[in-house]
There are 2 protein chains.
Amino acid sequence: MANSDPRCFGFSARAARTAKQPISYLMTQAVNNPDVISLAAGFVDTPTLPDAEAAGLLADLLGGAQGSKLPLQYGTTEGNAELRTLLLEHLARLDGVDPAEIHASADDIVVTTGSQQLLFMLTDVLVDPGDIVLTSWPSYFVYAGALQTFGAEVRCVDMDDEGVVPAALEALLGQLAAEGRLPRVKLLYLCDYHQNPTGISLSAQRRPALLDIIRRYSTHHRILIIEDAAYRELTYEGRPAPSLRRYDTENRFVALVQTFSKPFAPGIKTGYGLLPRGLAEAVVLQKGNHDFGSANLCQHVVLAAMKHGVYARHVQELRRRYAAKRDAMLAALDEHLGDFAPGHTRWTRPSGGLYIWLTLPAELDTGPDSPLFQKALDNGVLYVPGAYCFPDDPTRTAPTNTMRLSYGMPPIGEIQEGIVRLAAAIRDQADAGDARIACVTRGCLRTVAIPLRTVPDDAEPPNPGSHRATRS
Amino acid sequence: MANSDPRCFGFSARAARTAKQPISYLMTQAVNNPDVISLAAGFVDTPTLPDAEAAGLLADLLGGAQGSKLPLQYGTTEGNAELRTLLLEHLARLDGVDPAEIHASADDIVVTTGSQQLLFMLTDVLVDPGDIVLTSWPSYFVYAGALQTFGAEVRCVDMDDEGVVPAALEALLGQLAAEGRLPRVKLLYLCDYHQNPTGISLSAQRRPALLDIIRRYSTHHRILIIEDAAYRELTYEGRPAPSLRRYDTENRFVALVQTFSKPFAPGIKTGYGLLPRGLAEAVVLQKGNHDFGSANLCQHVVLAAMKHGVYARHVQELRRRYAAKRDAMLAALDEHLGDFAPGHTRWTRPSGGLYIWLTLPAELDTGPDSPLFQKALDNGVLYVPGAYCFPDDPTRTAPTNTMRLSYGMPPIGEIQEGIVRLAAAIRDQADAGDARIACVTRGCLRTVAIPLRTVPDDAEPPNPGSHRATRS
């Protein structure tokens, strides 16, 4: 509650709960070390940004024969109506269904300032301090920061190579039910395509299972699934699984959230979501307080990009470019860390998105205050310490031996050089560490079982038919 | 708190407190009555929107020889650094001082999605449910709606032709202090230039007085003044008074909030504020949760507009255009209502902004369910019922005989025709009303004192030297 000091403002409980996002520490490091190669930033690949395309669309919108002043006028709180209609069709198309089949209308679509604003508002309309929010272990750290502000109790669900483990979700909900705490469980947040931070996608067969569990435990009220599909369209091979929303045929449990930031341009900062019937109105009322509508100019740009096929062509091109960057990072990891502590070092092989998740021997601390982090920085490479990606679940202790690597922003040459520098830092640190680590890394202790903490011991075995996303 | 119904979501207390903005009712009326002339919308004048200017700036930004992809990349949470530096200089220039004199730096500037988002976030970091927010009577209704969401207790301060009355503010704070409730008073919100909804500006001589009162009552914590100066640059004659911020020489009590929406283009949705030292960090932390930065593309457009003189030229042109529209509305009011219930009907004569506030005889109900509102709609004209503009102060009853008229959007011909239709509706309703109103409107009851409720009986007399903003 408010302080009592005439020198200070009387900050709200919400402000008091808001901590600095850990990523700001990394951004400071990047600014202070300009020659560093950042494998940390979640920025997109600058050379691929559609400047000529956007310039052409804007010239037509504002200055051409079909020009109009409307993109410069106020829009509506929920977003441009024509855009919302196209987005509904787009989401249906991604799931291979007819818009008429999905029990939704353009009124269930809300356009926001990036998808983050929609994640925030969905949480704001559902979560009071002390309410419980479920998410994966690990999870997207910006959203985890927001949950602190809301005063939510975060409870995490284990993941394996197929994403969140249904049995683990069921066990957690069963336990909360037994404790009489189900009325406090408001939502489950999942980044289910090429997850930030791991790159892991939720397998197709688990999707109906998760939805069924949430439906069965919605005895006190409906528990919402926020399906953060920010990276869905950046799938580089194979056909991505249907959305969780696709299985929610009555449009009751899943808010499907997407964005133009990753597949088009973050500077246009336009996100959107398809919400269960009855939820859009509550979100739009909040948005009326926040800003009564995101930038209309940006909405007109993405609307024009969709109408004229510019968006579809750009996504195609991005897939090609990012696939090559992912391949470069994986090849560099294979080359420079392939023989490092075999059995104790592994990384994911994502089929899309921007991230690879690296797990080192348990004794190798990757944290922001660790010697390894400093050594990497000295070598000229920055990564996201994995500890940032484990939400503050009161029942868990975060692993300290993981990191998120992004191939989004750096060009291929820097990706390769960045991995060279990182591998050197890791080997140096392992050699400088205690004898046991050194021993492990030299292969003399190969039989010592160091648990790979992102894969719980009791996880169900991966389906033999599924794509193995992780190198073991 | 959350409901218990498996068919519903478990909405938060905050969602439960969020009501539909009254303006949405008016927007529905406008949509359902497409031939209506809207004197209600706060939209800006579409023909003045800088389409050619924006197209030129965007072509240079994205496609020209100096082109860059950076406007399409992520920006920072607090906003573009170069833009914030220019904004600090701009604000200093508006107050006729050197940036070095104002005890502030670009770090105290935050760029947001319109100024509304900054109003929201400033309130979010200070106000817990049950805290007290002070504002004028009447006040800006969108912000009043947000205060309901925050669960704030709103207490209002009387206004007269010079804006908020210092003695009334002092009396209210004295009373709250006597009740031991000063620790709950978090902020004072004022729209102090050409106020929305009245068009009244806070006089220069009252500015230091208000600041002094807030400073003296900041005994428990600092009470923040939110100075919403959205219409400041739209001053059509005379030099606007210095900002409240100008008198806060140590940068401790005033958050000066402005926007590019009114003086440039709402579709670019870019607002900003100069905040007291220590407050920007708290707001930026919240913004990290909300959206981690407003649309970078839009920020680059306004940055370029400022750098190349496009903004300054556009504001000059807008002033000329809006002054003519204001004059047209005032002339039409003089012509068509000048002889209506003299002494009981009055309207403001703003020196800027977009709004005129009309006060009718106390018995003429202007509310959304009133016969007058319906008659006006039947005649083809829409206004904002003044009742929407009186916040929900538990100690007050809102007047029912006022309305806000905007000359922002309609062209001059429609402004004139709109006033003809409105005046006809008012005269019809007066004639159809009870004998006493009819009597008053025909002038036979001129001696009956009908209080003009927006001017409190105990208000101090206007300073003889001040500009009389109101026709009496």
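This is a predicted model: local features need pLDDT of at least 70, side-chain atom pairs count only at pLDDT 80 or more; totals for chains, interfaces and linings use all residues.
I looked up the superposition and found a turn of 180° with a shift of 0.0 Å along the axis, at an RMSD of 0.0 Å. That is how a two-fold axis relates two copies. I also checked the surface they use: both copies use the same one, and 100% of the contact residues of chain A recur in chain B.

**Entry: where the chains touch**
Next I went to the contact itself. I found 77 residues of chain A in contact with 77 residues of chain B. On the chain A side, the elements giving two or more residues include strand 1 (5-9), helix 3 (51-63), helix 5 (114-126) and helix 11 (296-307) of chain A. Helix 3 of chain A gives the largest share, 8 residues. I sorted this side of chain A by class and got 38 nonpolar, 28 polar and 11 charged residues.

**Entry: strands across the contact**
Which strand of chain B does strand 1 of chain A join? I found strand 8 (residues 221-222) of chain B, running parallel to strand 1 of chain A, with 2 bridges between them. For a place to look, I noted Asp5(A), which stands opposite His221(B).

**Entry: two helices in chain A**
I then turned to helix 13 (residues 371-379) and helix 14 (residues 412-432) of chain A. Their axes come within 9 Å and cross at roughly 140°. Angles over 145 degrees would count as roughly antiparallel, so I wrote helix 13 and helix 14 of chain A down as oblique to each other. Their crossing is right-handed. From helix 13 of chain A, the contact takes in Pro371(A), Leu372(A), Lys375(A), Ala376(A) and Asn379(A). Helix 14 of chain A brings several residues, among them Arg421(A), Leu422(A), Ile426(A) and Asp428(A). By class, I have 7 nonpolar, 2 polar and 3 charged residues in this contact.

**Entry: a sheet in chain B**
Last, I traced a sheet in chain B. It is open, has 8 strands in the order 3-11-10-9-7-4-5-6, and its pairing is mixed. Which strands stand at the edges? I found strand 3 (109-113) and strand 6 (163-164) of chain B there; each has a single partner strand, so one side of each has no neighbour in the sheet. Strand 6 of chain B pairs with strand 5 (residues 153-160) of chain B in the antiparallel sense, over 2 bridges. Here I marked Asp160(B), which stands opposite Gly163(B) in strand 6 of chain B.

How values were computed: Residues are numbered from 1 along each chain as its sequence is written. Chains are lettered from A and ligands numbered from 1 in the order in which they are written. Two residues are in contact if their C-beta atoms, placed from the backbone, lie within 7 Å. Helices (H or I, at least four residues) and strands (E, at least two) are DSSP runs, numbered from the N terminus. Ala, Val, Leu, Ile, Met, Phe, Trp, Tyr, Cys and Pro count as nonpolar, Asp, Glu, Lys and Arg as charged, and the others, Gly among them, as polar. Two strands pair if DSSP finds at least two bridges between them. Copies are superposed by least squares on the C-alpha atoms of residues with pLDDT of at least 70 in both. Axes are lines fitted to C-alpha atoms, for helices over the stretch in contact, and angles run from 0 to 180 degrees between N-to-C directions. Angles under 35 degrees count as roughly parallel, over 145 as roughly antiparallel, 65 to 115 as roughly perpendicular and the rest as oblique. A crossing is left-handed if the near helix is turned anticlockwise from the far one by less than a right angle, and right-handed if clockwise.
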